[in-house]
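Subject: Structure handover

Hello,

Here is the structure for you to look through. My notes on what turned up in it follow below.

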Amino acid sequence: MRVNVQFFSQLRELAGASELTLDLPDGAAVADLLRQLYERIPALGKWDNNILVGAGVDFVGREYLLQPNEQIAIMPPVQGG
Amino acid sequence: MGVGERIGATLPNDEPALSAAEQRRYSRHIMLPEIGRAGQERLKAARVLCLGAGGLGSPAALYLAAAGVGRIGIVDDDQVALSNLHRQLLHGTKDIGRPKTDSAGDRLRDLNPHLDVQMHACRFTSANAEEILRDYDLLVDGTDNFATRYLSNDVAVFARKPNVYGSIFRFDGQTTVFAPHLGGPCYRCLFPEPPPPGAVPSCAEAGVLGVLPGIVGTMQATEALKLILGIGEPLIGRMVHFDALKMKFREFNLRRDPECPVCGDHPTITEPIDYEMFCHGGPDLTATAEQIDVRELQERMESGRPYILLDVREPFECELARIEGANLIPLGELPARWEELDREKEIFVFCHSGMRSSRAAELLRAAGFAKVANVAGGIDAWSQEIDPTVPRY
């Protein structure tokens, strides 16, 4: 299945794109998506402890099972004020 | 019970809380059925603490003052700088160099003389945070660093007071209300621990669209007013992400984490923590990396020993001014890119004035680079003392 991944804030620069599409096996979870993402963009791997993953309108855990064509948001913490 | 209901219950019944002048001032509020006279009195009885008088704190405090929030406190230990003025509307050109609490106090008292405006010209630390927050009903977090954001989150959770959160990066903003005691998550439910030092740039390092904190800060003020008044649907358990370039608002539902170290079922954090030494350029960070001034830098560069001159500023700053022969790796990219650096060579790290580079030097030391020195004063000192052809900015 394919899912669309969108990057927010400074992760856009690290990823070199604001979004991309990933091909994942059926039944894949958020953790599988992240693993594939880190292989493709190693710089993102260092953020693993500090990102939020949104699926549709919900922030979800790493165990969440992805749906085909789902919109996935990857969001870092932002500190500016 | 919402904070507004609690405040309302403390109002005296036997004397009018609003003077004739206040009734005229707030007449456009009072004519709203959702606010009315009772709601306006509730605002007058409310006490809001704004952390930071910067990009977010400026619009938040201005609108809360104009709205008639009876006591407004501001915590800030910074002075007004010229580069603040494109977004920090509490301060004017004549205020440059003044403590932000002074100029903010003047502006808020001029805007609304009926208020009790309290200025705390200090850092918000583990030593004073709970004591300062004690005199307020809710907190508006407009700070500019993770150390204070974690501290403000934790003390608001301990005190069971809502924390109206906002943060900004370049063209993006986030806002939500953290209030575990009202059923929502706290900041640590989302991000249990701060990111590694230097990984996330600040406004000073990354730049920011001036109007962006205006939008996010006024959203924070809106949520604070709604909480006080007990009206509408508070932004609890939801985060709004705003993208100014696309002019898009996106909303995400947040979940409280039962394993959260501060608001979870078995909390492990039960007293305030200072993350200063981990997160931001406090004095402890520079303790282990060598400090050299620009004259020492010049001597070492001419000594013939192999070295790397590492510029950790942003690319746009390089276009403004540069030192010949420097390698650019912006601080935010350093953790992903330090493998590019030769560990055998001496590394001299500089930025604009020495703050970011001190963090970079510390990061490199922590990553096992033995020969690292931070250039105190940065390219600004280089320009003044060594090479006046390098423009200052």
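First, a term: buried means under 20% relative accessible area, exposed means over 50%, and partly exposed is in between (1.4 Å probe, protein chains only). Helices (H or I, at least four residues) and strands (E, at least two) are DSSP runs, numbered from the N terminus.

Now the ground rules. This is a predicted model: local features need pLDDT of at least 70, side-chain atom pairs count only at pLDDT 80 or more, and totals for chains, interfaces and linings use all residues. Residues are numbered from 1 along each chain as its sequence is written, chains are lettered from A and ligands numbered from 1 in the order in which they are written, and side-chain values use heavy atoms, with hydrogens and water left out.

**An enclosed helix**

Start with helix α17 of chain B, residues 378–385. Six of its eight residues are buried, so the helix is largely enclosed by the rest of the structure. The buried ones are B:G378, B:I379, B:D380, B:A381, B:W382 and B:S383. What covers them? The cover includes α13 (294–301), β12 (346–350) and β13 (372–375), which belong to chain B.

**Where the chains meet**

Contact here means heavy atoms within 4.5 Å. By that rule, 27 residues of chain A touch 41 residues of chain B. The area buried between the two chains is about 2,800 Å². Carbon and sulfur atoms give 54% of this area. Buried area is the accessible area (1.4 Å probe) that two parts lose on being put together, summed over both. Three residues of chain A stand out: A:F59, A:Q79 and A:G81 supply 27% of the area that chain A buries against chain B, more than any other three residues.

There are three salt bridges between chain A and chain B. A salt bridge is a side-chain nitrogen of Lys or Arg within 4 Å of a carboxyl oxygen of Asp or Glu. In one salt bridge, B:R170 meets A:E13, at 2.3 Å from N to O.

On the chain A side, the elements giving two or more residues are α1 (11–15), β3 (52–55), β4 (58–60) and β5 (71–75). Of these, β4(A) gives the most, with three residues.

B:R170 sits in the loop between β5 (163–169) and β6 (172–178) of chain B. At 18% relative accessibility, B:R170 counts as buried.

A:S9 is not a glycine either, and has a positive phi of about 50°. Its place is the loop between β1 (2–7) and α1 of chain A. A:S9 is buried, at 3% relative accessible area.

**Aromatic rings**

Over all chains there are nine aromatic pairs. Rings of Phe, Tyr and Trp (its six-membered ring) pair if their centres lie within 6.5 Å; planes under 30 degrees apart count as stacked, over 60 as edge-to-face and the rest as tilted. B:Y187 and B:F191 form an edge-to-face pair, 5.7 Å centre to centre with 65° between the planes. B:Y187 is buried at 1% relative accessibility. B:F191 is buried at 1% too.

**Salt bridges overall**

The structure holds 32 salt bridges over all chains. B:K44 pairs with B:E22, the closest N and O atoms being 3.0 Å apart. B:K44 lies in helix α4 (36–45) and B:E22 in helix α2 (20–25) of chain B, so the pair ties together parts 22 residues apart in sequence. B:K44 is partly exposed, at 31%, whereas B:E22 is buried, at 4%.

B:R107 and B:D110 also form a salt bridge, with 3.8 Å between the closest N and O atoms. Both lie in helix α6 (100–111) of chain B, three residues apart, about one turn of the helix. B:R107 is partly exposed, at 32%, and B:D110 is exposed, at 61%.

Best wishes
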